[in-house]
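Thank you all for coming; I would like to walk you slowly through one structure today, with the sequence and the model on the screen beside me.

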Amino acid sequence: MKKIFAAFFVLAGLMFIASCNDYETYAEQKEKENNAISRFLRDSNVTVISEAQFKEQGFTTDVSKNQFVFFPQTGVYMQIIRQGCGEVLKSGETATLLCRFSERNLLSDTLQLRNDIVAYSFRPDKMTVTRSSDSFVASYIDGESLMARATGSISVPSGWLVPLLYIKVGRWEHEGDEIAKVKLIVPHNQGHTMATSGVYPCLYVITYEKGL
C-alpha cells in the first residue's frame, strides 16, 4: 500500500508542477511532449514502422529489432511483445479484461504507477470493454483499480484500447499459453486525465487477460 500512495504523491506533484507552468502555451507543451517521445525513441534504439509495414508483417512487430508501429491518427506507438492466447474481441462483443501494467512519464522519466509486481499481482485493473466495428469503449468496473484511484476517473485511457484490434485476449488454459503483452507510447490526448491536463506522454507495458 505504501508504494501505491507514494505513486499518488508523485502524481500530485506532477499536477503542481503543471500548474506552475501555466505561462507555457499549449503549443510549447506539445513540443516538449514530442521531444520527449523522440528522445525515448532515439535513446532506446526503436525502429519505427508504418501501418502498411505492420500489415505486411501480419500485424506483428519484430521485438528483436525493437519495432514499434506508429499510428498517425492517434499518435500512439505500439510494440506487440506477445500476441496472446484466446481470440481477438469480435464486433458487438463485451468482455471483462484484467490488466497489469507499469506507467512511465516520458517527460520527467519517472516511473509513476505499477501493479505488475508480485505484491500487487492479485489486484489487476479490471475493466469492461465493448467493441463496435473497429472502435472500443471501456471503463473500470470499480474504483479500486490502481488507475481509477490515481486519476479519480473510471474512464480507460483511449491509448490502452489501440492494441485490442490486434491482440488475442484469453486465459491460461494449456501449457504454453501466454497472456497478451504490449508496450505503448501514449501521447497526452490518448492518455488519462492527469496526462491530458499535464500534457505529457507515457510509456506503458501492459498485459491483457480475459476475466471470468
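Let me begin with S102, which is buried at a relative accessible area of 11%, where buried means under 20% relative accessible area, exposed means over 50%, and partly exposed means in between, with a 1.4 Å probe and protein chains only. What you see is a predicted model, in which local features need pLDDT of at least 70 and side-chain atom pairs count only at pLDDT 80 or more, while totals for chains, interfaces and linings use all residues. Residues are numbered from 1 along each chain as its sequence is written, and side-chain values use heavy atoms, with hydrogens and water left out.

S102 sits in strand 4, residues 94-105; strands here are DSSP runs of E with at least two residues, helices are runs of H or I with at least four, and both are numbered from the N terminus. Leaving out residues up to four places away in sequence, S102 touches L111, L113, R114, D116, L203, Y204 and V205, a contact being heavy atoms within 4.5 Å.

In soluble globular proteins, nonpolar side chains tend to be buried together.

Which residues of helix 2 are buried? They are Q29, E33, A36, I37, F40 and L41, and because they cover an arc of only 135 degrees around the axis, they lie on the same side of helix 2; that arc is taken from the directions from the helix axis to the C-beta atoms. These buried residues pack against strand 1 (47-49), strand 3 (76-82), strand 8 (180-186) and strand 9 (202-210), whereas the face turned away from the buried side carries the exposed residues A27, R42 and D43.

L107 and A36 are 71 residues apart in sequence, yet their C-alpha atoms are 5.4 Å apart in space. L107 itself is partly exposed, with a relative accessible area of 34%.

Finally, the charged pairs: the whole structure holds nine salt bridges, each a side-chain nitrogen of Lys or Arg within 4 Å of a carboxyl oxygen of Asp or Glu. One of them joins R42 to D43, with the closest N and O atoms 3.5 Å apart, and both of these residues are exposed. Another joins R131 and D134 at 3.0 Å, N to O; here R131 counts as buried at 12% relative accessibility, while D134 is exposed at 53%.

E209 is buried, at 7% relative accessible area, and R171 is partly exposed, at 30%. Together with R100, these two residues are linked in a network of salt bridges.
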